[in-house]
Amino acid sequence: MVTGGAGFIGSAVIRHLLHSHDCQVVNIDKLTYAGNLATTAPFQTNPKYHFEWSDVCDRPAMAGLFKKYQPKAIMHLAAESHVDRSIDDPRAFIQTNIVGTYNLLETARDFIAASRDATASGFRFHHVSTDEVFGTLGDEGLFTEDSSYQPNSPYAASKAAADHLVRAWHETFGLPVVLSNCCNNYGPCQHPEKFVPMIISRAVSMQSIPVYGTGDNVRDWLYVDDHAAALVKIMQHGVLGRSYNVGGHAQRTNLQVVKTVCGILDRECSGAMGKPYESLIKLVADRPGHDQRYAINASRVRNELGWAPRESFESGMIKTVAWYLHNRQWVEEVQQKNSRKGQCAGVVKRIGGTGCEA
C-alpha cells in the first residue's frame with residue numbers, strides 16, 4: 001500500500017515499484033488539491049495497480065482496506081506538505097500528518113494482531129518524513145539520523161510529531177517500522193505551487209520570480225526518481241526501528257536554484273523573452289520561521305543499503321525543465337482544478353498523453 005500515491009513523490013514510488021519489482025500496489029489517496037490522478041496515467045491500466053479514493057484520517061475505511069488487500073507493507077507518504085500553507089492554516093497539517101499517521105499505526109497494529117499468516121509476520125510500516133524536522137543548520141555540518149528535532153514551522157512540527165508516534169509504536173507495541181527523512185525533491189509532476197515548478201511556470205509566462213529574503217537559504221536537492229528508489233530499498237531492507245536520511249549531495253542556495261533553472265530556459269527557449277530569464281528574479285520579504293540551511297548526511301542509506309542518487313543536480317534539473325516545457329497542459333489543468341469530484345470524472349480520457357513519464 002502507498003498512501004498519497006497520486007501525489008508527487010507517491011506516484012514516483014508507485015512507478016518504481018511497478019517497473020522494477022514484482023508486486024501488487026494499492027494507491028490510497030484522498031485527492032486533495034495536491035493529489036492528481038494525471039500523475040498515475042502511465043500505470044492506471046496496469047493489472048497490478050489498484051486505486052482507492054480514501055482518507056487516512058478515516059480509520060474504519062483504513063481498516064476495511066487492510067482487510068481487503070492484506071498488505072505486506074505500507075509506505076506512508078500521504079501528508080500536507082507546503083510550508084506556506086501550514087503558516088496560513090495549520091489545522092489540516094495537524095489532522096492529516098498527525099491524526100492520519102496515528103490512525104494508520106493503530107490500523108496496522110490491529111491488522112497484525114488479527115492475522116496469523118505469513119503476510120502479517122513479514123509486514124512493514126514505512127513512514128516517510130522530511131529533513132525539516134531537524135530545524136536549521138549553521139554554515140557547516142550535516143543532519144544525521146541522530147540529529148535533534150527542532151522543527152520551526154507548523155508543517156515541520158506536524159511531521160516531527162508523526163515521526164515520534166511511529167518510533168513510539170515500535171518501541172511500545174513492537175510495530176515493525178522503518179523511517180526515512182529526505183531533503184527537497186524536484187522533478188516531473190510536482191505541484192505547480194512548489195519552488196522549482198513555480199520558477200518554470202512564472203518564467204515562461206514572463207512573470208516575476210519571487211525569492212524570499214536575499215535568496216541565500218540553502219537546501220539539499222534530490223531528483224524524485226532517485227528518492228523513490230531509496231524509499232523502496234528502505235521499505236524492503238531497512239533495519240526495523242531504524243531511520244534513514246536520504247539526500248542528494250547537492251546543496252544550493254535558493255538563488256542558485258533559480259539561476260540554474262533560468263539558465264536552462266535561456267538555452268531551451270532561446271530568444272523567447274528577449275532578455276535573460278534571470279531578469280525576472282524579484283527578492284521579496286522573507287517568510288516567518290524560514291530555516292537558513294538544510295543538508296543531509298546520507299551515508300547510512302548508502303553504506304547499509306547500497307543506494308546513491310543517479311542524477312546530479314544539473315542533469316536532474318535539465319530533465320525537470322524539459323518535462324514542464326512539454327507538459328504545459330498538465331500544469332494548467334492542475335492549476336485550474338476546482339474540486340475532487342471534477343478531477344475524478346473521466347480523468348483517464350481527459351489527460352491524454354500528459355501523464356508523468358519521467
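I first settled the convention for handedness: a crossing is left-handed if the near helix is turned anticlockwise from the far one by less than a right angle, and right-handed if clockwise. I am working from a predicted model, in which local features need pLDDT of at least 70 and side-chain atom pairs count only at pLDDT 80 or more, while totals for chains, interfaces and linings use all residues. Residues are numbered from 1 along each chain as its sequence is written, and side-chain values use heavy atoms, with hydrogens and water left out.

**Helix pair.** I looked up helix α7 (residues 195–204) and helix α11 (residues 313–326), whose axes come within 10 Å and cross at roughly 50°. The two are therefore oblique to each other, a term for angles that are not under 35 degrees (roughly parallel), over 145 (roughly antiparallel) or 65 to 115 (roughly perpendicular). The crossing of α7 and α11 is right-handed. Val 196, Pro 197, Ile 200 and Val 204 of α7 make the contact with Met 317, Thr 320, Val 321, Tyr 324 and Leu 325 of α11 (contact: heavy atoms within 4.5 Å). I count these residues as 8 nonpolar, 1 polar and no charged.

**Strand β4.** I then turned to β4 (residues 73–76), where Ala 73 and Met 75 on one side and Ile 74 and His 76 on the other are all buried (under 20% relative accessible area, 1.4 Å probe, protein chains only). β4 pairs in the parallel sense with strand β1 (residues 2–3) over 2 bridges, and His 76 is the bridge partner of Thr 3. Strand β5 (residues 124–130) also runs parallel to β4, joined by 4 bridges, and there His 127 stands opposite His 76.

Notes. Axes are lines fitted to C-alpha atoms, for helices over the stretch in contact, and angles run from 0 to 180 degrees between N-to-C directions. Ala, Val, Leu, Ile, Met, Phe, Trp, Tyr, Cys and Pro count as nonpolar, Asp, Glu, Lys and Arg as charged, and the others, Gly among them, as polar. Buried means under 20% relative accessible area, exposed over 50%, partly exposed in between (1.4 Å probe, protein chains only). Two strands pair if DSSP finds at least two bridges between them.
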